Amino acid sequence: MKIDTATVDLALTTTRAVRRRLDLERPVDDQIILDCIDIAEQAPTGGNQTSRRWIVVRDPEIKQKLAQLYHDVVGGFMIEARDRLEGADHPSAPVVRSAAHLAEHLAEVPVIVIPTIVGRHDGSGAPGLFDSVIQSGWSFCVALRARGLGTAWTTAILAKGSELKELLGIPDEITEIAMFPVAWTKGTDFRPARRTPAREITFFDGYGRTYESGPGTPARMADGPGVVVETDIAAQLDDVWAAITDIDLPARFSDEFTGATWDDGFDGPALGATFTGRNYLEVMGDWEVPCFVDVCQEPVAFGWCTSDPDNPGARWRFEVQPLMGGGTRLLYRLLLGPGPSGLNTFIEQNPDKEHRIIANRLRVHRANMQRVIDGIKAQVE
Ligand SMILES: Cc1cc2nc3c(=O)[nH]c(=O)nc-3n(C[C@H](O)[C@H](O)[C@H](O)COP(=O)(O)O)c2cc1C
């Protein structure tokens, strides 16, 4: 049997968290919920043991009580946040608006489904307890989507574990996993969300090791090898942005980079600005590298390429992301090539050792990059 990839991919990529487009008027038949649970039960399970239990809530009184619990944990906060952000151009505003809408209408959703699993996650001794239910929950969401229904994966109510257990008579040895508000969707034209491309978060043959293409076996410079390090910082985005655009700052932490100075005519981060970086390694002595700012998107990304902007020897990037709940995630990326750099001389002399030369160089870079982000973290926190 040939599977229609396009249809499967469409379902997988457009199963969104639906809140505002849940149809609160149209009844949902029990059979369609049971069909979706049957599909979800095909998901892998540890020990091939049937341990998932599904609670389907329709009773208006129970739904009202669930809605109250949800309101107390997070819904009230979401409604207040939505009202506060009203009219503001805040990146979280759409999700907050959507979450607040769900909080206000949870009791009116036709069906609320709560997947659970036999066992307690903590100290249960059960192999891969959560790992045996999460995938099933997601299958349930996709099966709903394929039929024109929708839901949102919500877990906030789990903070009210004992109230939830009492309300639904859930035994102590059962773990609740999520709460799915289920309804037909208003329209079915959902789109893929913007997510980080696989190339940026997929590491080949070692954590943090990225490639722009391939990699072949063994990896070559032509594959665009790179490395990324990251850390979560308990500081405001603006403070982290100020640190990463201070081009001289990494010299305090790196064992190789000794400093940088803006070239004549430039005195701060701007697209097209240039600076000169200075480095030192025992085997190489001191050397300087011309650097060209090729990304300057405040407060998201700051980066530069080296040697030749049209054919860089390397590309360096800082990226910052605000974290839900406060704080900032800082990523520091390096891509080698595609132009020549000091590395090429070594590779030309030892072409059969190309992959080893690349791996060793990236190991040194990675250690220094880690020192830099750890240093920035310590400084701004
Ligand atoms: C573990 C987990 C817990 C979540 N908890 C909630 C929740 O309590 N309330 C809510 O409205 N959404 C919750 N969400 C949904 C996310 O907020 C949602 O995935 C996000 O808004 C992005 O939407 P998208 O999945 O359509 O891209 C949760 C998602 C996950 C994976």
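Predicted model: local features only at pLDDT ≥ 70, side-chain atom pairs only at ≥ 80, totals over all residues.

Biologist: Which domains does the assignment give?

Modeller: Domain bounds come from an automatic or database domain assignment. Here the assignment gives domain 1 (5–184) and domain 2 (198–380), and their centres, taken over C-alpha atoms, are separated by 41 Å. Along the principal axes, the C-alpha atoms of the protein fill a box of roughly 75 × 50 × 45 Å.

Biologist: How many helices and strands does the protein have?

Modeller: Helices (H or I, at least four residues) and strands (E, at least two) are DSSP runs, numbered from the N terminus. The protein has 10 helices and 13 strands.

Biologist: What percentage of the residues is buried?

Modeller: A residue is buried if 20 or more other C-beta atoms lie within 10 Å of its own, exposed if 12 or fewer, and partly exposed in between, with C-beta atoms placed from the backbone. Of the 381 residues in the protein, 29% are buried.

Biologist: Which residues have the most contacts inside the largest nonpolar core?

Modeller: A nonpolar core is a set of buried Ala, Val, Leu, Ile, Met, Phe, Trp, Tyr and Cys residues joined through C-beta atoms within 7 Å. The largest one has 39 residues, and Tyr70, Ile112 and Val182 have the most contacts inside it. Among the elements that give two or more residues to this core are helix H3 (60–85), strand S2 (111–118) and strand S5 (180–184). H3 gives the most, with 6 residues. A second, separate core of 32 residues includes Ile233, Phe318, Tyr332 and Leu343.

Biologist: Which residues surround the ligand?

Modeller: A residue is near a molecule if its C-beta atom, placed from the backbone, lies within 6 Å of it. The residues around the ligand include Arg16, Val74, Leu102, Trp153 and Thr154. H4 gives the most to this shell, with 3 residues. The shell divides into 9 nonpolar, 2 polar and 1 charged.

Biologist: How many bridges join S7 and strand S13?

Modeller: Two strands pair if DSSP finds at least two bridges between them. S7 and strand S13 (residues 328–336) pair in the antiparallel sense over 8 bridges, and the partner of Glu230 in S13 is Leu331. Strand S6 (residues 209–211) is joined to strand S7 (residues 225–233) by 3 bridges, also antiparallel.

Biologist: Why is Glu176 classed as buried?

Modeller: Glu176 is buried because 20 other C-beta atoms lie within 10 Å. Glu176 is found in strand S4 (residues 174–176). Two residues are in contact if their C-beta atoms, placed from the backbone, lie within 7 Å. Leaving aside neighbours within four places in sequence, the contacts of Glu176 include Ile114, Thr116 and Leu158.

Biologist: Is Pro290 buried, exposed or partly exposed?

Modeller: Pro290, in strand S10 (residues 285–297), is partly exposed, with 16 other C-beta atoms within 10 Å. Pro290 and Ser307 are 17 residues apart in sequence and 5.2 Å apart in space, C-alpha to C-alpha.

Definitions and conventions
Residues numbered from 1 in each chain as written. Nonpolar A, V, L, I, M, F, W, Y, C, P; charged D, E, K, R; others polar.
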